[in-house]
Every structure is written in C-alpha cells, then in structure tokens.
Amino acid sequence: MKVIGRPLSRIEGPLKVTGGLHYTADIKVAGAAQGVIVSSTIANGRTRSIDTNEAERAPGVLTVFTHSNMPRMNPTPKPWSHLHPHGQSYLPLQDDQILYAGQPIALVVAATLNEATHAGTLIKVEYDSDPPVVFGPETLKEAVQPPRFLWPVSSSVGNADEAIASSPVRIEQTYSTADRHHNPMEPHATIATWDADGTLTLYETTQHIFGTKELVSIVLGIPPEKVNVVCEFLGGGFGCKGYVWPHTLLTALAARELRIPVRVQLTRAQMYSMVGHQPASVQTIALGAATNGKLNGIRHDSVSPTSVFDNYIEYAALCPRSLWGASGGIATNHQIVHVNRNTPTPLRAPHEALGHFALESALDELAYAIGIDPVALRLMNDIEIDPDSGRPFSTRAMRKCLIEGAARFGWEKRTPEPRSMRDGRYLVGQGMAGAIFTHWRWPAKARVTVSADDAFVMLAATHHRLDCPGARSHLTDWTQDPPPHRAGLAVDQSVASASRMPCPSLRVNAVLTSARCVKAWGKLPRNRRALGSYSSENKPTSFARPSRRANNARASSSSPASASASTIQKLHGKKTPSGSPMPSKLGSDGS
C-alpha cells in the first residue's frame, strides 16, 4: 500500500512513449524473410488437397510449407509441466487433420510481409468437412471427468449434499460465463535465426523464457544449450505468453530449412484461434444454511470446454474449497467437454475468478432470501482455518477488509430493495464480494553485490525486471540457473525473497525478458549500506506442490472467526493438541 496513489514513474516509461523500446517484432535481423500463416476455414475434418502452385510463383515467395513438406517434430512432452509449457499438445502442419477453426494449414515465406500475405490468398484448399463439436446444452450432457491437471479435480470435506438437503434454507443456481480472449496490445511474434554451429536464437514474445527454451529443445530435438531465447520487452501477456504455441515452432523450422532468419507475427484475428483463450463455463452452486445465514453446506460444480486433444481444466470451483466455512461439508468438482477449439489457457484472472462470480452471486441470493445483509453473511461465515487442508491460514484479512470496506464505501446507507437507491435521475447499485486466489512460488536464486561507493548490482535469471528507486537494468550473461516460471507475483515473491535485497521497496515492473539474465544496478540509501557479495536461495517446503491458496488481502491475526477450529478439524478427522499449532498455509505475503 506504500505505492498506490503515488505518482511513480515507470523506469522504462520515457522509452515507451518515445518509441525507444524494441519489442520482439521491432527487432531488426539482417536478411530476415517474412512468414505468414494461412489458417483453416473449417473446424473439423481434413484437408483433401492444398494447391500452392500459384502462391509459389508469386513475386518474392521463397517457399510455402504445408503438412506435406514441413519437417516432422517430436511430440510435446507428457505430462504437461510448467518447466516445458506447450500451449497445446497438437502440432499443426504435421498431418492433414483439422481439429479447430483457424488452425494453421500453411506457412508462406517471402521477402516482404506484403508479398507473403498476398501469396497466402492464392493458396487453394479443398476440405473433407465434418460437423464441428461445440460447447452448448447438448454437449454439456457429454461432459467427462478429466485427469488431474494442476490441482485435484474434485474435493470433498464432510458431507455437503446431506448438509444442504437438511438445511432449512437452500439455494441452487446455475451461472454461465463466456469465452474471454487475451488480446494484449502486442501480438505474438517470433524471429528465428540459426548459427553455423546449429545454435537457434529465438526473439520471442514470451513470459517464460526458460520454459520456451526447454520446450523448443524437446520438440525440435536439439540440446537446450543450443537454444537461446530473447525477449527484451513484453507488450502485455495476460497469460497467453506464458506458453509455447505452434507458430514459434513452425518459424524455427522454416528458418532452419531455408537457412535464413524468418520472422512471423500473428495478425489480430489469429490471436483468437492460435494462442489460447479462457474457456466458457457453466457452474452450478448449491448452498444450505440456517435461518440466521450460517452455512451448513456448499456444493460447486463447474463444466468447461477444452480441445479434442487436450484435457485443460479451468478450475472455477477452486474458490469454495477455502473461501468460506460450512459446518456440514464442502464439495467441488470439475468436468470438461471436448470440442473443436484450440486448447484454452489461463487468462488474467484465471480459474478462481470465474468461480467467484458464481459463488458470490449465490451468496447474495442467499442473503436476499434470508433477509440478511450480504456483508454480515460473509462475516458470519468467515474462517481462520482452511477447510480444504484443515490448517490455519498464515495470512487472512477477510474480516478486516469487509469491515473497513463497508465503512469506507458507506455501506450503512445501502437499502437492499431493488431500484431503491438513486442519485438524481440515475439508479445506483451497491454490492460486494469476497475473493481468494492461488499464489505460486518456485525456487529461485539471486545474487547481490555491493561496493564501497554504495552501488549495488543484483543478478537474477528472471524475465521480469526487479527495480529499486533509482535502479536501472540491462541484459547480462549470468545463466547458470533457470528462474521460476512466468509472471508477476510469482517472480516478486520468489526472486525478491531470495535476494533479501536491502531495499525498502523492491518490486516487479514486468517488462524485461531474456534467456540471459536481468542485471539491476543503482545507488543504495545511506542507511542501507553494505559491502561485499551476497547470494541467497529461496526454497519452498515442497516443490512437488508449490502452491497454496491464500486470501488476497493481508492478515489480521487478531480478528475472530465464526467457524470454529474444532468444527473443521472434526470434518477432517483431525485433532490438534492444545498449544500445538497445525501447519500454516502459505499466505499472500509468501510466508
């Protein structure tokens, strides 16, 4: 809260507004040819024929790749892992199948972008088309239970169904959300160039440089040390740039075959079919409560679509596992429907964000049915012990946030009747919701060197830039250790805690990416002087299960909770000896 509301300038701000930053597509590589991807116009079937003769004769065209002449790739690795994160397992231009609309069916490489684009329009394609499978009321009946992806697919504490059925007040509602697309300002782009010794350099729009390095190594069958990934600045990601998509692999292969650098940038339209999306969802919430609003049971079931070749799960039903207490039980479950779309991905905000819409809407329905204030309902069902694990939260400030928020927003003036609040000719609505969000943390290393003149140098193999006031950063070649995966807060918690930087406001500015490392330098405040070099490593308790769920606000450990520890421990069949605390759950401060 020390920076919110303060007019802080971003260190790279002047470069951004003056055009001084080099985003991936802006990088000039001598002799680079331009590639354009041609996409399928059907969603399900096969290509019967692809006539590229006219396109190949077009001015400036170097070659046209299709499934008949594109080099073969190794399969994407299974199981899926953050360490080598493919966006989808199916690799286009390897066979004649069409599994989703907008799937790449050809890659035209020419001397200029206009020439490649024009040649793409000259390709003649004949299809054998089948009716596509879409997400809707009929296919909802074909939903299946998927294998585990990130977290357990289902959960059950106590007996939620029995608790709901025996409750005097019951609410059951179905909520749906639509597809959402990433659309960062900077579309995806790749520039691939090969050295004489077989080293591949990818200038890439990525949030995960080391994951890209590993995945490309596996699929193209080259040693990881022969892959360099560079992304100087990122023009937004929202989740889609945390994965490796087929256009990156196709660009690398085209450059290898032609023995010249090749550049491919997706069009805005292709961003809707080639780099994932947040899938739609249909969520059913059932609540059982006493007449005073005390929750007895919660059931949350979510169904979402995925591609026909992957089992991606949007974990919308994750939030009820730890957000509120229910004395009788909490049950959640996820199902998927395989459809002719490309594979979905997390989109800011993923997973729980969709679930909060459904769960908190249902809680509002419950509050209205009982005639209790929505804030009072949440306060009544606040907890200090996580129902899912049976362990106390290390940080949780829900009660404090609700009370302070209600006071600051003038909640006491709210009237619950619909259309009862006005500001002149305008109707005024006032609502609230609670939230909880999974927080990621990985092992990380950082090195800080401080000289006698108060200058410091910090090295961290991360795609985000770490800044102290007055600090600057550039790329360096310190690459012994890969960083934690991906975006924003994970890097903040992992690298910042590993560095133990003597800086009062170490933060992440989320702009600089490279397979090399970030080097930050500047002057330390006089009261923070130190001399020498310091290296530190941050290691989570269990790397196999790196995440814990925690409330998104800071904790107030003195605040009482309505749901008792004994009730939750009873549901888990656990007893905690007096004076012997249960293991703490990771909180939003990474503790």
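**Questions on a predicted chain**

Trainee: Is His-208 buried or exposed?
Mentor: The relative accessible area of His-208 is 6%, and a residue counts as buried when that value is under 20%. His-208 is therefore, by its relative accessible area, buried.

Trainee: Which backbone nitrogen lies 3.1 Å from a polar atom of the side chain of His-208?
Mentor: The separation of 3.1 Å runs from a polar atom of the His-208 side chain to a backbone nitrogen, and a polar contact requires a pair of N or O atoms within 3.5 Å. The backbone nitrogen in question belongs to Gly-211.

Trainee: Why do the buried residues of helix 10 line one face of the helix?
Mentor: Helix 10 spans residues 398–408, and its buried residues are Met-398, Arg-399, Leu-402 and Ala-406. Seen down the helix axis, these buried residues line one face because they fall within an arc of 105 degrees.

Trainee: Which exposed residues does the face of helix 10 turned away from its buried side carry?
Mentor: Here one looks at the face turned away from the buried side of helix 10, and a residue counts as exposed at over 50% relative accessible area. The exposed residues carried there are Ala-407 and Arg-408.

Trainee: Which residue with a positive phi follows helix 10?
Mentor: The phi in question is near 65 degrees, which is a positive value. The residue that follows helix 10 with this phi is Gly-410.

Trainee: In what order do the three strands of the open sheet stand?
Mentor: The pairing in this open sheet is antiparallel, and its edge strands, each pairing on one side only, are strand 4 (97–98) and strand 6 (124–129). Strand 2 (residues 45–51) pairs with strand 6 over six bridges. The order is 4-2-6.

Trainee: Which residue in strand 6 is the bridge partner of Thr-47?
Mentor: Strand 2, residues 45–51, pairs with strand 6 in the antiparallel sense. Within strand 6, the bridge partner of Thr-47 is Tyr-127.

Trainee: How many disulfides does the count come to?
Mentor: A disulfide is a covalent bond between the sulfur atoms of two cysteines. Cys-231 counts as buried at 0% relative accessibility, and Cys-240 is buried with a relative accessible area of 0%. With a cut-off of 2.5 Å between cysteine sulfur atoms, the count of disulfides comes to zero.

How values were computed
Residues numbered from 1 in each chain as written. Predicted model: local features only at pLDDT ≥ 70, side-chain atom pairs only at ≥ 80, totals over all residues. Heavy atoms only, no water. Pairing = 2+ DSSP bridges. Helix = DSSP H or I, 4+ residues; strand = E, 2+ residues; numbered from the N terminus. Buried < 20%, exposed > 50% of the residue type's maximum accessible area, 1.4 Å probe, protein only. Arc of directions from axis to C-beta. Polar contact = N/O pair within 3.5 Å; in protein donor to acceptor, adjacent residues only side chain to side chain.
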